[in-house]
Amino acid sequence: MYVAIEGIDCVGKSTQIEILKKSFKDAIFTKEPGATKLGEKVRELLLQSEVKISKKAELLLFLADRANHIDLVLSQYKNKLIISDRSFISGIAYARNEFNKETLFDLNFFATSGNFPNKVVFLHANKELIEERLASKKLDTIEKRGIKYFLEIQDELENTLNFLKDKIDFEILKLDASFSIQDIHKQIKEFIDD
């Protein structure tokens, strides 16, 4: 089974994944972008660099990483539990108003060879929680875009999940990121075990 943990920065995805590693010791844990050497370079280029990159080039870099990730990581472990920090869903949401959703879906279908998550955990936060968590960290290039940007992306993640309901067969668990860490973990674990 392939499970994706989705949500904007600061909703607790990384925290939950660290706890899940203790509950699912035999699972494969991965992330997008950055799980492969190519992904590390793409992530570095997009998040740390001051290099000017067009929206189309950015999309194609993410798609190249996603294709590589599927071929080198996910395909190798398709008979195991795979838990990923983000997936193609974030890719579509972050590309939001730049490209047509149908085109984005088709490009991602090509890049992933149709390997999509079976289950998706969507961590959702209110404005106050996001502001509080952003204020307590050193911001990367994406995070410097601000709270309004993150709220728009969060809305777009939800829109993307609704859009995908007619496209692929998967289950969604939406959780409030302001719940306690242990309560969120308990619900995610039950969702994966079910």
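Predicted model: local features only at pLDDT ≥ 70, side-chain atom pairs only at ≥ 80, totals over all residues.
## Strands and their pairing

Two strands count as paired if DSSP finds at least two bridges between them, and strands themselves are DSSP runs of E of at least two residues, while helices are runs of H or I of at least four, all numbered from the N terminus. With that in hand, welcome to β1: four bridges join β1 to β4, and the two run parallel. Within that pairing, Val3 has Lys119 of β4 as its bridge partner. Strand β1 also pairs with β3 (residues 82–85), again in the parallel sense and over four bridges.

Residues are numbered from 1 along each chain as its sequence is written, and side-chain values use heavy atoms, with hydrogens and water left out.

## An enclosed strand

Strand β1 (residues 2–6) has five of its five residues buried, so it is largely enclosed by the rest of the structure. Here buried means under 20% relative accessible area, exposed means over 50%, and partly exposed lies in between (1.4 Å probe, protein chains only). In a regular strand, side chains alternate between the two faces of the sheet. Both faces of β1 are covered, with buried Tyr2, Ala4 and Glu6 on one side and buried Val3 and Ile5 on the other.

Lys119 belongs to strand β4 (residues 119–124).

The side chain of Lys119 does reach the backbone oxygen of Phe191, at 2.5 Å. Leaving aside neighbours within four places in sequence, Lys119 is in contact (heavy atoms within 4.5 Å) with residues including Met1, Tyr2, Val3 and Ala4, as well as Ile192 and Asp194.

In helix α2 (residues 37–47), the buried residues are Gly39, Val42, Leu46 and Leu47. Seen down the helix axis, they fall within an arc of 105°, so they line one face of α2; the arc is that of the directions from the axis to the C-beta atoms. These buried residues pack against α3 (55–72). The face turned away from the buried side carries exposed Lys37 and Lys41.

## Backbone features in the loops

Most residues other than glycine have a negative phi, and most peptide bonds are trans. Cys10, in the loop between β1 and α1 (13–23), has a positive phi of about 80°. Ser113, in the loop between α5 (101–112) and β4, also has a positive phi, near 55°. Are these two residues buried or exposed? Cys10 is buried, at 13% relative accessible area, whereas Ser113 is exposed, at 53%.

Pro33 lies in the loop between β2 (28–31) and α2. A cis peptide bond joins Glu32 to Pro33, with omega about -15°.

How values were computed. Polar contact = N/O pair within 3.5 Å; in protein donor to acceptor, adjacent residues only side chain to side chain.
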